[in-house]
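This briefing is meant to be read alongside the sequence and the 3D view. Please keep both open while going through the points.

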Amino acid sequence: MKSLSTSVSLITLALSSFLSVTAVGQTQVIHAGKLLTVAGSEPLTKQTVVITDGKITAVKAGFIPLGKISQKNNKATLIDLSSSFVMSGLMDMHVHLQGELGPKNDRDNLRLSKSDRLMKSAYFAKKTLMAGFTTVRDLGSSAEQSYALRDGISKGWLQGPRIIAAGTSVAVTGGHGDVDGMSPDLLDMHTAKTVCDGPFDCRRATRRAIKFGADVIKITSTGGVLSDTDTGTGQQMADDELREVVNAAHALGRKVASHAHAAAGINAALRAGVDSIEHGSYANEESIELFKKGGAYLVPTLMAGDTVVALAKNTNFMSAAISAKAIRVGGDMIANFKRSYKSGVKIAYGTDSGVSKHGNNGKEAVLMYEAGMSVQDVLKAATINAADLIGKSKSLGTIEVGKVADIIAMHASPLKDIKELMDVDFVMKSGEVVKSK
Ligand SMILES: [Zn+2]
């Protein structure tokens, strides 16, 4: 891949990795060959983006020299992306940063300490950021470690994407999101405190998750492919449980993301008022109406389907229960995504990375495009729509004055070849350059 001629002073880079989150007292000037300010619009040619203290303070036509830009403390740095395609940082609405699906999962569960798991998640978080994903939602991870990772990154102790964290899922006993596939003693030991039964208990579980640090509530309204049980992918949380979770979460200012495969579970979650449906594999006509009526997003996670089908066919570590579900659901996801997209359901980008390998998050774009989504709609899903889904449209998702400087670059335009999103060369998060080659 052609390397970028990026001239960022080494001193700036070295300093910025010690400074926290935003590069305070700094002015940075990007010369962008092509600049996509807002996904869905035409990219502009030869633009200058000025960043002060980690925020975008000007976007101007032409390559304006450093000398003509008013600078704080006369310390502006020029970042030369004059032969690159520059756009807003990508956002992945569905990841699990603490693991990666594979044959060693059972062994790791026995051997790794919580601290080991946290270290591993830091490694995966960095990979995700280097792939151009500056914001992610972690929808299901051990709570304490997930919040520690989120907070450590936001304090500037380590590099990773901005994380909207759910902690452990609010799930029903024996349902998807509860523990499975272990000896009875271990099952008891590992049951999360957010497992609940009945509306009032699920209200408790939701409030508990928020008390301990959840930014968003993840629920599992239907069975899931990777639960090691043969209980199917139908509705598992009852209507009254779903309603209580959504009411309790919304009352405390948190959104709700529901994992859902079967139509009955998708529709029950949408009727209860969830803010997004994850996977949505068997969305039917009624689901599409409910999506449109309530304004919820669909986060399709085509990569999850793609990955589990390949693993079920080419490896032998999955149990019979899991591999049967993987082949059925994985195989059906794309056709159903097409129908939802064509019907005008709002789509936000999400990969379910952790099922697939971390750092390959850009591949979801290729799968969405191959399923019939336009490139601009894919880019919207990964920027503007994702920002809207997490309630951060005022600060994230576009390159406009006042926004946080989350900026990425590729050597060629993804509008011409979507695969460019899998090869991001330059990453700036909150004004800090974290990748530049
Ligand atoms: Zn997931």
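The model is predicted. In it, a zinc ion has the protein donors H94, H96 and D352, and two cavities of 30 Å³ or more are present.

**Zinc site**

- H94 and H96 each donate through NE2, while D352 donates through OD.
- These donors lie 2.0 to 2.3 Å from the zinc ion.
- Along the chain, the spacing of the donors reads H-x1-H-x255-D.
- Distant parts of the chain are linked by the pair H94 and D352, which are 258 residues apart.
- H94 sits in strand β5 (residues 90-95), whereas D352 sits in the loop between α11 (320-342) and α12.

**Packing of α10 and α12**

- Helix α10 spans residues 302-314 and helix α12 spans residues 363-370.
- Their axes are 9 Å apart and meet at an angle of about 95°.
- An angle of 65 to 115 degrees counts as roughly perpendicular, and α10 and α12 are therefore roughly perpendicular to each other.
- On the α10 side, the contact is made by L302, M303 and D306.
- On the α12 side, K363, E364, L367 and M368 take part.
- By class, this contact has four nonpolar and three charged residues, with no polar ones.

**Cavities**

- The largest cavity has a volume of about 40 Å³.
- Its lining consists of S88, G89, M91, T134, T135, S395, L396, G397, T398, V404 and D406.
- Seven of the residues lining the largest cavity are polar, three are nonpolar and one is charged.
- The second largest cavity holds about 30 Å³ of space.
- L36, T37, V38, A39, M87, S88, T383 and G397 form the lining of the second largest cavity.
- That lining divides into four nonpolar and four polar residues, with no charged residue.

**Second largest pocket**

- The second largest pocket contains about 210 Å³ of space.
- Its lining has 15 residues, and V274, D275, G294, G295 and A296 are the ones nearest the centre of the pocket.
- Two or more lining residues come from each of α8 (263-272), α9 (285-294) and α14 (384-389).
- Helix α9 supplies the largest share of the lining, three residues.
- By class, the lining of the second largest pocket has six nonpolar, six charged and three polar residues.

**R117 and its surroundings**

- R117 is part of helix α3 (residues 114-130).
- Leaving aside residues up to four places away in sequence, R117 touches Q98, D108, N109, L112 and S142.
- R117 and S393 are 276 residues apart in sequence, and their C-alpha atoms are 32 Å apart in space.

Technical notes:
Residues are numbered from 1 along each chain as its sequence is written. This is a predicted model: local features need pLDDT of at least 70, side-chain atom pairs count only at pLDDT 80 or more; totals for chains, interfaces and linings use all residues. Side-chain values use heavy atoms; hydrogens and water are left out. On a 1 Å grid over the protein atoms alone, a cavity is a set of points where a 1.4 Å probe fits but cannot get out, and a pocket is an open set with protein on both sides within 12 Å along at least five of seven lines; lining residues have an atom within 4 Å of a point. Grid points are joined across faces, edges and corners, and a volume is the space filled by probe spheres set on the points. Helices (H or I, at least four residues) and strands (E, at least two) are DSSP runs, numbered from the N terminus. Ala, Val, Leu, Ile, Met, Phe, Trp, Tyr, Cys and Pro count as nonpolar, Asp, Glu, Lys and Arg as charged, and the others, Gly among them, as polar. Axes are lines fitted to C-alpha atoms, for helices over the stretch in contact, and angles run from 0 to 180 degrees between N-to-C directions. Angles under 35 degrees count as roughly parallel, over 145 as roughly antiparallel, 65 to 115 as roughly perpendicular and the rest as oblique. Contact means heavy atoms within 4.5 Å. Donors are N, O and S atoms within 2.8 Å of the metal (3.2 Å for Na, K and Ca); water is not among the atoms, so sites may look incomplete.
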